[in-house]
Amino acid sequence: MQAVIMAGGKGSRLAALTKDEIPKPMAPFLGKPLLEWQLEQLKRYGIQRVTLVVGHLKEKIIDYFGDGSALGMELDYVEETAPLGTAGAFPLLLPKIESEHFLLLFGDIRFDIDLARMERFFLEKRAECLLFAHPNAHPYDSDLIVTDRENRVTGFDSKHNVRTGWQDNLVNAGIYILSRDMLRRVPEVKKTDFEKEILAPMAAAGEAIYAYRSPEYVKDVGTVDRIRAAEEEWKSGFPAKRNLEFPQRAVFLDRDGVINRYNGFVRTPEELELLPCAAEGLRQLNSSAYLTIVVSNQPVVARGETSEAELETIFNKMKTLLGREGAFVDDVFYCPHHPDSGFPGEVKELKIDCDCRKPKTGMLRRAAERYHLDLSACYLVGDTTGDIQCGKNAGVRTVLVRTGEAGRDGKYAVTPDLVADDLAAAATKILEEQ
C-alpha cells in the first residue's frame, strides 16, 4: 500500500513555532519535524512509497527529505501552486498511485495506530473509502459521522449545524484508506473539499464508505497547545499503549444502574437520565490506559417494547449527555434477545437462548476480538449479581456499584472483587489497583 500526506498547510495557528520560516508539517515535535514522525510510523507498517502534496514553503520539505533514501523510503512530490483544499490535487496524484488502494492523511496529526489492521477492515468491507473514526471528549464542537449498524457512513453532521435530537459520538480523525478510483472523482485540478464535495454525496447515494471505529491514538496537533499536550502524552508512553497491535485493557460497563439511573427498563430516550457521578468516573477512565465498553442486556427489543432503531437513539442520548460533560465510551455492545415468551408484540426471532445475554460472555468475547483485549487485565462494573457472574465467567475482575439494583436481584450467589458507591468511586478503585 502506498500513502499520500497532505503537507501543504501554512499553519498560521502554529506561528509561534514555525515563525513562517517552515511549513506546518515541519513544526518541531520532540526534537524533529512532525512529518518525520509520520513517515517513520508509515515505514513501521511496511509503507515505503509516499507522495507528499506540498505548497507553502515546499522547498523546506523537499530539501529536508529529498527522495526519502535517508529514511529508507521512496518519496516523491506533488506541488500545489495555489491552495487546492483537501481534494483538489487528486488529479495530480493519479499518475503517482500504482496500488489499488492507498492511505491518505493530513500533515498536522500525530498518530500511533495498527495500519495493517485498518487495511484488513477496508478489504473485508470492499470499501471505496474508509475513515478512521473515534469518540472524543468534545463532540458538541466536532464534525460528526453518521453511520448505520454495519458502520457504513450515511452522512456527516457539521459542528456548525443546529443539532436536534441525539447524536453518536463519532469523529473523523483525518486518516483514510481510499481506492485508487476515488482520485477520478475530481476531474480537474481545482479547489475541492473532500468531505463536502466528494464524501457527503457518496454517503447520500449509499456508496461504499465505511467508518473504522478505533480507540487508538490520533490527535490533531495544529496548535501550539495541542503539540505541547501531545508531546507530554508521547513521553508518557500512552499512545503506544493504545495501538491495537498490542493487547488492550478495558473496563466493561453495564448501562442501567451504572451510567444511567435505574427506574426499570428504558424504553424511550426521554426515560434515560445520567447518574450524577457517571461522567466523572468515565473521565477518569478515559484518561487512563483502559478502554470503556458498555455491555448491556436490552430485552425490551425482543419483548417488542422498543425497536433497535429506537434503542440506538437511547444510546446516542447517553453519548451526547456524556459528551457535554467531557466524557465518552469507546463502544457499545448490547444483547437484544430474551428467552421467555408471552409478551404482547414480542419479536419471535429474538426470543432465543443466545450466547450474549449476561451472565453469558458473548458481548465481552466479541469486544475482546474487536479490540484485542486481554480479558485477564479487564474489569466489569455492574449493579447486579448477573453482571458480577458474567465477569466471573469471562475471567475479569468485578466491581459492584450501589447505584442501581446493588446486587439485590440475588439471582446468583457470587461475590464481587470490589464494591463501590458509584461509577466514579469504582473508577478510582480500579486505577488504584494499577
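1. Let us start with a term: on a 1 Å grid over the protein atoms alone, a pocket is an open set of points with protein on both sides within 12 Å along at least five of seven lines, while a cavity is a set of points where a 1.4 Å probe fits but cannot get out; lining residues have an atom within 4 Å of a point. Rolling a probe the size of a water molecule over the atoms shows where empty space is left. The second largest pocket here is lined by 34 residues, and those nearest its centre are Arg149, Asn151, Arg213, Asp331 and Arg370.

2. A word on the source: this is a predicted model, in which local features need pLDDT of at least 70 and side-chain atom pairs count only at pLDDT 80 or more, while totals for chains, interfaces and linings use all residues. Residues are numbered from 1 along each chain as its sequence is written, and side-chain values use heavy atoms, with hydrogens and water left out.

3. Back to the second largest pocket, which holds about 1200 Å³ of space; a volume is the space filled by probe spheres set on the grid points, which are joined across faces, edges and corners. Two or more lining residues come from each of α5 (115-125), β9 (144-147), β12 (209-213), α10 (308-324), β16 (331-335) and α11. These helices (H or I, at least four residues) and strands (E, at least two) are DSSP runs, numbered from the N terminus. What is the lining made of, in nonpolar, polar and charged residues? It divides into 14 nonpolar, four polar and 16 charged. Here Ala, Val, Leu, Ile, Met, Phe, Trp, Tyr, Cys and Pro count as nonpolar, Asp, Glu, Lys and Arg as charged, and the others, Gly among them, as polar.

4. Of its 15 lining residues, Pro135, Arg213, Val329, Asp330 and Asp331 are the closest to its centre. Strands β8 (129-134) and β16 each give two or more residues to this lining. By type, the lining of the largest cavity has seven nonpolar, three polar and five charged residues.

5. Threonine 292 is worth a look; you will find it in strand β15 (residues 290-297). Is threonine 292 buried or exposed? It is buried, because its relative accessible area is 0%; buried means under 20%, exposed over 50%, and partly exposed in between (1.4 Å probe, protein chains only). The side chain of threonine 292 reaches the backbone oxygen of phenylalanine 328 at 3.4 Å. Leaving out residues up to four places away in sequence, threonine 292 touches Val251, Leu253, Leu282, Leu285, Asn286, Phe328, Val329, Asp330 and Asp331, where contact means heavy atoms within 4.5 Å.

6. Next come the cores. A nonpolar core is a set of buried Ala, Val, Leu, Ile, Met, Phe, Trp, Tyr and Cys residues joined through side-chain atoms within 4.5 Å. The largest has 59 residues, and Leu42, Val50, Ile175, Phe252, Ile293 and Leu373 touch the most other members. Helix α11 (residues 362-371) gives the most to this core, namely five residues. A second, separate core has 38 residues, including Leu282, Tyr290, Leu322 and Val399.

7. Helix α2 (residues 34-44) is mostly covered, with eight of its 11 residues buried. Those eight are Leu34, Leu35, Glu36, Trp37, Gln38, Leu39, Gln41 and Leu42. Within α2, leucine 35 counts as buried because its relative accessibility is 0%. Not counting residues up to four places away in sequence, leucine 35 touches Ile5, Ala7, Pro25, Met26, Leu52, Ile61 and Phe65. Just after α2, glycine 46 takes a positive phi of about 80°.

8. Finally, some backbone details to check. Most residues other than glycine have a negative phi, and most peptide bonds are trans. Leucine 30, in the loop between β2 (28-29) and β3 (32-33), has a positive phi of about 50° although it is not a glycine. Histidine 372, in the loop between α11 and β17 (379-382), has a positive phi near 55°. Lysine 358 and proline 359 are joined by a cis peptide bond, with omega about 20°; proline 359 sits in the loop between β16 and α11.

How values were computed: A polar contact is a pair of N or O atoms within 3.5 Å; within protein, one must be able to donate a hydrogen and the other to accept it, and residues adjacent in sequence count only if both atoms are side-chain atoms.
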